Amino acid sequence: MATVTAPAHKKGDFFVDYEEKVFEDVKAEPGEKALVTFHTVAFEGSIGLVNLLQAVRLSRKGYETSILLYGPGVTLGIQRGFPKIGDEAFPGAQNFYNQLKRFMDEGGKVYACRFALQALYGHGEPSLIEGIRPINPLDVLDLVLLHKKANAFILDTWTL
């Protein structure tokens, strides 16, 4: 019978070389833009949180970065909490709020589609996290096209 002779891992160990960086650290040229779109439901997977972190990173690299919440993506920008708004009922319950707030505090812009907010999810503009700009559903495509015309980096976030 096989015997495991390696010692058990302990707190502080690491499994990989996390310090090696293979590629250069790309920074934005003056005036470069980025757009991160979200068509994903809050808490239905990791992509919403992961790409919020990517948006923060793009902003810190010097890109004029915007976030677009449309379709189910508006659920990332809705105030939540339990038992009261802002309360964290379980660790991580305010992840989206915390990341969006940090992103906006650092100069990022966040837009949310009014159609998805009201018609799809039954919320009004007062449900949005402070600082998120509600936009007309006709502005959703135009926001993407404006970024495309500006030769911006666009990261589309979709889940089905």
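Leu 69 stands opposite Ala 112 in strand 3, in a predicted model. Strand 2 and strand 3 run parallel and are joined by four bridges; two strands count as paired if DSSP finds at least two bridges between them.

Because the model is predicted, local features need pLDDT of at least 70 and side-chain atom pairs count only at pLDDT 80 or more, while totals for chains, interfaces and linings use all residues. Residues are numbered from 1 along each chain as its sequence is written, and side-chain values use heavy atoms, with hydrogens and water left out.

**Strands and crossovers**

- The protein chain has four helices and five strands; helices (H or I, at least four residues) and strands (E, at least two) are DSSP runs, numbered from the N terminus.
- Along the sequence these elements follow the pattern β-α-β-α-β-α-β-α-β.
- Strand 1 and strand 2 also run parallel, joined by six bridges, and Val 36 has Ile 67 in strand 2 as its bridge partner.
- A right-handed β-α-β unit is made by strand 1, helix 1 and strand 2.

**Nonpolar core**

- The largest nonpolar core has 34 residues; such a core is a set of buried Ala, Val, Leu, Ile, Met, Phe, Trp, Tyr and Cys residues joined through side-chain atoms within 4.5 Å.
- Among the residues with the most contacts inside this core are Ile 67, Leu 69 and Val 110.
- At least two core residues come from each of several elements, including strand 1 (33-39), strand 2 (64-69), helix 2 (95-105) and strand 3 (109-113).
- Five of the six residues of strand 2 are buried, where buried means under 20% relative accessible area, exposed over 50% and partly exposed in between (1.4 Å probe, protein chains only).
- Leaving aside neighbours within four places in sequence, Val 110 is in contact (heavy atoms within 4.5 Å) with residues including Ile 67, Leu 69, Leu 100 and Ile 132.

**Whole chain**

- The C-alpha trace spans about 65 × 45 × 30 Å along its principal axes.
- Of the 160 residues, 36% count as buried.

How values were computed: Right-handed = clockwise from strand over helix to strand, strands pointing away.
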